[in-house]
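Dear colleague,

Please find below the sequence and structure that I am handing over to you. My findings follow after them.

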Amino acid sequence: MLTVGEAIRQRRSIRSFRPDPVPEEYILEMLEAARLAPSGGNSQPWRFLVVTDTEEKKKLRQVAVDQEFVETAPVVFICAADMKAYSRRAMTRRFQEFVDFGILETLSGDFADPEYRKQYESRVANIDQATLVQMAVANTYIAIEHLVLTATALGLGSCWVGAVDQGEVRNFFNLPENVIIVALVPVGYPTKVPPLRPRVAMDEILLRPVGAVARA
Ligand SMILES: Cc1cc2nc3c(=O)[nH]c(=O)nc-3n(C[C@H](O)[C@H](O)[C@H](O)COP(=O)(O)O)c2cc1C
């Protein structure tokens, strides 16, 4: 298996796969990497559906603006976020875990104080739906990238697919309204690995030069 640094450098979006199946232990390894991702308040909203069935993949291609590689990949991960992860019940459970595991210091607030916790919980309960969806998607993106990098580390190719009709996926797979489809990730052995796609230069991503303050 590659190191994280190697996987980051070697990962490419792969859109052409050999027909060889992906071993189940590799699928489980990718899901485990996703499961271990960090999330705000340890909310862990990510959910996955593993698709290998030919008819199901054909449908996914259709609802992903007919992108052929969605159908020809041996396995497609439907990556979703469950808004129930932000229900009062789920959040209370998460806070209780922080208490039970004795890891209150990982939270930025006095969660040992029941009054503080009560106020915090009602603040969370009042967050509007659009903000909650944004939080759910952001957290799920982290888990998906864990999955994608693990695919690379295992010698597999993958590609994020964001162009997908959420409602169609939800209907076809009979998923409830609280499940938001975030992306598809087709995975398989690449037919070829292309060179690195262009990236903006380092100085373009820096809002000020590294070490600018230390030098001043
Ligand atoms: C959120 C997201 C959505 C994407 N959606 C698609 C997509 O629908 N179809 C596709 O072919 N590539 C998609 N991509 C892949 C990007 O085009 C690709 O990452 C980018 O061009 C850089 O290439 P690289 O991944 O090979 O470095 C998506 C990537 C991300 C992160």
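**Findings**

K84 is placed in the loop that runs between β2 (75-82) and α5 (88-100). Please note that the model is a predicted one. K84 has a relative accessibility of 53% and therefore counts as exposed, the threshold being over 50%. In sequence, K84 and V179 are 95 residues apart, yet their C-alpha atoms are 8.2 Å apart in space.

The ligand is surrounded by 14 residues, and the closest are S13, R15, Q67, R197 and R199. By type, the shell around the ligand consists of six nonpolar, three polar and five charged residues. R15 places a polar side-chain atom 2.7 Å from an oxygen atom of the ligand. For Q67, a polar side-chain atom lies 2.7 Å from a nitrogen atom of the ligand. W160 takes part through its backbone: one of its N or O atoms lies 3.2 Å from a nitrogen atom of the ligand. On its own, the ligand has 620 Å² of accessible area, of which the protein covers 67%.

Two residues deserve a remark on their backbone angles. Most residues other than glycine have a negative phi. Q44, which is not a glycine, has a positive phi near 45°. This residue sits in the loop between α2 (24-35) and β1 (46-51). With a relative accessible area of 24%, Q44 is partly exposed, because this value falls between the limits of 20% and 50%. N174 is likewise not a glycine and has a positive phi of about 60°. The loop that holds N174 lies between α8 (166-172) and β4 (179-188). N174 is exposed, as its relative accessible area is 68%.

Which residues make the nonpolar surface patch of about 490 Å²? The patch is made by V200, M202, I205, L206 and V210. Of these residues, V210 is located in the loop between α9 (202-205) and α10 (212-215). The relative accessible area of V210 is 63%, so this residue is classed as exposed.

With kind regards

Definitions and conventions: Residues are numbered from 1 along each chain as its sequence is written. This is a predicted model: local features need pLDDT of at least 70, side-chain atom pairs count only at pLDDT 80 or more; totals for chains, interfaces and linings use all residues. Side-chain values use heavy atoms; hydrogens and water are left out. Patches are made of residues with over 30% relative accessible area and no salt bridge: like charges are joined within 9 Å, nonpolar side chains (Val, Leu, Ile, Met, Phe, Trp, Tyr) within 5 Å. Accessible areas come from the Shrake-Rupley method with a 1.4 Å probe; for residues, only the protein chains shown count as cover. A salt bridge is a side-chain nitrogen of Lys or Arg within 4 Å of a carboxyl oxygen of Asp or Glu. Helices (H or I, at least four residues) and strands (E, at least two) are DSSP runs, numbered from the N terminus. Buried means under 20% relative accessible area, exposed over 50%, partly exposed in between (1.4 Å probe, protein chains only). A residue is near a molecule or strand if one of its heavy atoms lies within 4 Å of it. A polar contact is a pair of N or O atoms within 3.5 Å; within protein, one must be able to donate a hydrogen and the other to accept it, and residues adjacent in sequence count only if both atoms are side-chain atoms. Ala, Val, Leu, Ile, Met, Phe, Trp, Tyr, Cys and Pro count as nonpolar, Asp, Glu, Lys and Arg as charged, and the others, Gly among them, as polar.
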